[in-house]
Amino acid sequence: MADFRLSDIDQQILDKVVEVGNSTVQHTRYYEDHEHEFPPAKLEGEVGFEAVFPLFGQRKPDDTPLMTFMMAVSMARGSTNGVVRGLGLGMPNGRAGGLGNAALQSAGTAEQKAKWGNLFLAMSITEPGAGSDTKAIQTTARLEDEEWVINGDKIFVTDGVRADGAIVWATIDKSAGRAGIKSFLVLKDAPGFELVRKEKKLGIRASDTAAYAFRDCRIPRDQMLGDDETVPKGGGSAAYKGVMKTFNMTRPAVASGGVAKALGALNFARDALAAEGVEVDWGRSFNQRSAPEQKLIEMEADTEAAALTVLHAAWLSDTRQPNNLESSVCKAKGGEVCRTIPQAAMDLLGGMSVSHDHLVEKYLRDGRISDIYEGTGQIQRLIIAREILGYSSEELT
Ligand SMILES: Cc1cc2nc3c(=O)[nH]c(=O)nc-3n(C[C@H](O)[C@H](O)[C@H](O)COP(=O)(O)OP(=O)(O)OC[C@H]3O[C@@H](n4cnc5c(N)ncnc54)[C@H](O)[C@@H]3O)c2cc1C
């Protein structure tokens, strides 16, 4: 049975992670205003993540399963508004990992995982003409003299500036549709690779977002993820399905970011109202509570519900059970509360919520993306409907 209670050591880690996050809050506004400036290795007053790692060493096999626990960590950390060092799905070994690392883990061969596992990898699927509809990508890869030659343009690559390289989707046979789509490891020093620009954004400004161009970009033949060069007739390739499976790992992580912003806004609103003498009195009945109290209760319930969907999707993954449906459910729910809860906090707080004297408005701006990348809320609902009704992606689009 699923049990999301944290063990003692896991609770200690979580508390430490929150301390780490809070220790950089004083610098957050600076890095908001200086969008493309990366923070130094150590900020003034910062309690570094190295304070957390020894505690990880004390975890035992029967502590909270790892991915479930990492989601709890992500939600707690993200709620603090501390300076984010890249969006990487921070890994327990201390090395940040990007979305491309998750793709490598779910679709790479054992050899590829061993060889590239220590790289920081972004994930590059989206193109100017292909976002939600990933099978519409136009980037091509052709084999020439034992090298893949890649041509095309990619946009919105999270961590694309600071990553060592990216897992790039390209088609080796356009006429085959999704069956022709493969993913390739492209390192930054590959000839023909260009980092075109960094995006300026509404929120998550500490996370860099890049655009790439590939002009006869050459990479070694063995840099196709999964090493399967065949193009099956009629339907998706194993490689395509393998990479789509990546989303079952990354969607809970992205959803956790959305829940984190909801949680942060909720905590801020609760504290700000408490400072004005408005606190939820659980002893009073519904009819006797004030409207702000009732609103806080509803916000809390909704945020908690979203957090539970994230933990559930992660727990299924930890226990090696299918979580296609649940990872989309949590992504849809996380994408919802990241918008509605900061909005509700602003409704409660009025003018102070837009002031730069506080960081509450940042939750709204940072959270918004959680309902867009890794599949928008609309796309998640499509996937959920397909899963429940038993339709294929061709039958329900
Ligand atoms: C900051 C940021 C970081 C990103 N990071 C990455 C990354 O690391 N790697 C990567 O590959 N991509 C990344 N993306 C791209 C992101 O995944 C896409 O923006 C997203 O998938 C939506 O695609 P689109 O923007 O082309 O919108 P579109 O697909 O054009 O959709 C526009 C609107 O139409 C809706 N819509 C589309 N199809 C349907 C449908 N069938 N039914 C109902 N509604 C539909 C969508 O929900 C959306 O509201 C990032 C984007 C941003 C903004």
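Select strand β6, residues 193-198, and strand β7: 5 bridges join them, and they run antiparallel. Strands here are DSSP runs of E, at least two residues, and helices are runs of H or I, at least four, numbered from the N terminus. Two strands pair if DSSP finds at least two bridges between them. Pick Glu194; Ala213 in β7 stands opposite.

This model is predicted: local features need pLDDT of at least 70, side-chain atom pairs count only at pLDDT 80 or more, and totals for chains, interfaces and linings use all residues. Residue numbers start from 1 along each chain as its sequence is written.

Val157 is opposite Ala210 in β7.

Next, select helices α8 (residues 291-318) and α9 (residues 324-349). Their axes come within 9 Å and cross at roughly 160 degrees. α8 is therefore roughly antiparallel to α9 (angles over 145 degrees count as such). Axes are lines fitted to C-alpha atoms, for helices over the stretch in contact, with angles from 0 to 180 degrees between N-to-C directions. Show the contact residues, including Met299 and Ala306 of α8 and Val337 and Ile341 of α9. Contact means C-beta atoms, placed from the backbone, within 7 Å. The contact of α8 with α9 divides into 13 nonpolar, 5 polar and 4 charged residues.

Finish with α10, residues 360-367. α9 and α10 pack at about 155 degrees, axes 9 Å apart. They are therefore roughly antiparallel to each other. Among the contact residues are Met346 of α9 and Tyr363 of α10.

Methods:
Parallel < 35°, antiparallel > 145°, perpendicular 65-115°, else oblique. Contact = placed C-beta atoms within 7 Å. Nonpolar A, V, L, I, M, F, W, Y, C, P; charged D, E, K, R; others polar.
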